[in-house]
Amino acid sequence: MTDIPERGSERGHASYYSVQRGEPTHSDPAGGTVPVGKASHARQKRRANSNSESSSRVPEADSHPRVISESEAAALLRLLSENRGSKQSLASAYAWGYTIVHKAVEEGEYPEWYDSLDPLDLILLGIVYPKEFADSKEFGNARTAWLRELRKTPHWPSVGKFVSEAVDLSSELDLPVDNPQVLFDLNARIENAGLAHKRLPKAVHPGTLLASARFLRGLRTDMPLPPATSESLLQAERFAANLEPSFPQDGSCAELLRNGLFLLSRIIAPADTDSTFLLIALYISLTDSNDVPLDEIPERAHAWALGLPDESSLIIVIDAINACAAQDLPLITALSHLFVVPEFTHQVDREDRRWHSAPGTDFVPLAFELGGHDHVNTRSSRTYRLSPGGSAIVASVLRNKAPTGADTIEPPGHEDNVDDWVKMFDLIGLHPAWKKAWLDENAPLPRLDGTFRDRAGERDWHAAIERYIRAHPDEDPPDAEEELRKLRRYDGIMVMKQALADEAFAAELVDLVADDPLGEDYGLIGIRELAYDLGALTTDLLADEPEFEDQALTLAFKWGGPELRDRVAEYSETDAEDEVATLVLAGAYVQQASLKSPI
């Protein structure tokens, strides 16, 4: 971090914190106007990754200009007037960060990455003022590292309160959380929530907590490499001889590095690959780098590695990779040293797989973690929390898919898989009104239980259906429950086929159903309904067809060992209901039927 006169090297006019043309303003005693908020005229792509969430496209948000009340303007001025000494509040830091961006824009020159700032980012900008950051990557690493350290202090609940207030305000206004109106109104909101009274002592300020942070120390290149062994050399040779990914994936660092090298082999000749490419390969496999220009990947890989926490199991692997690269070792030699490092064959923590070295990458994950929110709406996307069942399904798909550089599952609405969804709609015979609402009008499909993620989506959907009905008076209108039944049946069969292809997921699925007797996990609605609908048929088959019984018991053993096998066997001899047993029987039926179509 440098003094504020030394502006960052990333310039641009991608967004501005200013009063929109024609909007009423209030005078600021410090000069200029009280800013209304941020309005974007260049859309930046931002993602928040995980195996626990997914995003869909949304149109650009309206700025919704309106008259700013005296109370809202007064709240901002009160927060700005707070003593910025050794004990500044989160609320005051947010107000300063908000206003700093406005001031920078008024001066006519500011970092382009300001367009991607979210409410949490503004806190960091405000609390470090008059310091600033060299670039967006240093900023992102600093914010993530600071929040990581704050988590260990008694002040962490205040961060959770701040995030929840921001998401709640966004939902109440039906606007993205980084919309101009939300960002401005948030000043008064957090003051009313009491966050102006909770002061942060200097001991937890970024300048103190991050004084020896890893992202400031730089990557190590002088690690003494562990001596290679004859066994590790053999492992390295086998590894390098076949970079094709294996399935299912075991989630280890070595397996993920293989995926990354496989992706790199599409760009450069395998013979040209040496140890200098290992960090890049690990980065593109671990993080969502599909939308990143190739020439930016090396710099981003370096920033991502810098931002990992000291306790990450990847640190020793990355240090060894950098030591190999510093010595310009051939690929097989470098791999022979890595296979001696125990962490190289360990699974990688989910948090280490997240791209964090940029603005706008911490708010959404923390909103799901701390506030229990169902979704977060930003200017660039609506991001939804997956249920435990949904998360398990996504994880299974990722374990068993060929690496593409993107570890995300996109729901309906993503431009890259529209054709697949159209084929599915035609296959299940979805009503034309529903197809048109999604395809032509970009209205979000209801969830499998008929509910919607947010009020705006529900309004858009019903309005689109009504327009279709008015335009086609001779057609029978869609029966919502019948259309949902079609979607649930397709979903149930697809999930069952995934379970038949991935025994680890099948075992998890059995546990999820057993632990959710009330059926509250909406991610499992389809497969539970499938098992229920097939219940009478599969129960009769179990009693009358020895071949089906053998197949069901074999499948039960694969999915849950002798205990589940015995449970299914006992189910055939009683009249008691057992949802887990019927789930296994449905699996045996789908397996045996070898359906000619998914429906």
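1. Rings of Phe, Tyr and Trp count as a pair if their centres lie within 6.5 Å. On that basis, Tyr110, Trp113, Tyr114, Phe133 and Phe139 form one aromatic cluster. Please keep in mind that this is a predicted model.

2. A search of the whole structure gives 14 aromatic pairs. One of them is Trp96 with Tyr129, a stacked pair. Their centres are 5.7 Å apart, with 25° between the planes. The pair links distant parts of the chain, 33 residues apart. Trp96 belongs to helix α2 (residues 90-106). Tyr129 sits in the loop between α3 (119-128) and β6 (131-132). Trp96 has a relative accessibility of 21%, so it counts as partly exposed. Tyr129, at 24%, is also partly exposed.

3. Tyr283 and Trp355. These two form an edge-to-face pair, 6.1 Å centre to centre, with 70° between the planes. Tyr283 lies in helix α11 (residues 278-286), and Trp355 in the loop between α14 (331-338) and α15 (363-371), so the pair ties together parts that are 72 residues apart in sequence. Both Tyr283 and Trp355 are buried.

4. Salt bridges across the model. Side chains of opposite charge can pair when their charged atoms come close. The search of the whole structure finds 31 salt bridges. One of them joins the side chains of Glu172 and Arg189, at 2.8 Å from N to O. Glu172 lies in helix α5 (residues 156-173) and Arg189 in helix α6 (residues 180-192), so this bridge ties together parts that are 17 residues apart in sequence.

5. A buried bridge within a network. Asp362 forms a salt bridge with Arg354, and the closest N and O atoms are 2.7 Å apart. Asp362 and Arg354 are both buried. These two residues also belong to a network of salt bridges that includes Asp121, Arg143 and Glu351.

6. Asp516 and Arg528. Their salt bridge has its closest N and O atoms 2.8 Å apart. It links distant parts of the chain, twelve residues apart. Asp516 is in the loop between α21 and α22, while Arg528 is in helix α22 itself. Buried means under 20% relative accessible area. Asp516, at 11%, is therefore buried. Arg528, at 10%, is buried too.

7. Helix α25. This helix covers residues 579-593 and has 15 residues. From first C-alpha to last, α25 reaches 21 Å, close to the 21 Å expected at 1.5 Å a residue. At its start, a side-chain oxygen of Asp578 comes to within 3.1 Å of the backbone nitrogen of Val580. Val580 is one of the buried residues of α25. Others include Leu583, Leu585, Gly587 and Val590. Which helices do the buried residues of α25 pack against? They pack against α20, α21 (503-514), α22 (525-533), α23 (535-544) and α24 (546-571).

8. Ala501 in α20. Helix α20 (residues 480-501) contains Ala501. Is Ala501 buried or exposed? Ala501 has a relative accessible area of 60%, so it is exposed. Ala501 and Ser396 are 105 residues apart in sequence. In space they are 9.4 Å apart, C-alpha to C-alpha.

Definitions and conventions. Residues are numbered from 1 along each chain as its sequence is written. This is a predicted model: local features need pLDDT of at least 70, side-chain atom pairs count only at pLDDT 80 or more; totals for chains, interfaces and linings use all residues. Side-chain values use heavy atoms; hydrogens and water are left out. Helices (H or I, at least four residues) and strands (E, at least two) are DSSP runs, numbered from the N terminus. Buried means under 20% relative accessible area, exposed over 50%, partly exposed in between (1.4 Å probe, protein chains only). The expected span of a helix is 1.5 Å times one less than its number of residues. Contact means heavy atoms within 4.5 Å. A polar contact is a pair of N or O atoms within 3.5 Å; within protein, one must be able to donate a hydrogen and the other to accept it, and residues adjacent in sequence count only if both atoms are side-chain atoms. A salt bridge is a side-chain nitrogen of Lys or Arg within 4 Å of a carboxyl oxygen of Asp or Glu. Rings of Phe, Tyr and Trp (its six-membered ring) pair if their centres lie within 6.5 Å; planes under 30 degrees apart count as stacked, over 60 as edge-to-face and the rest as tilted.
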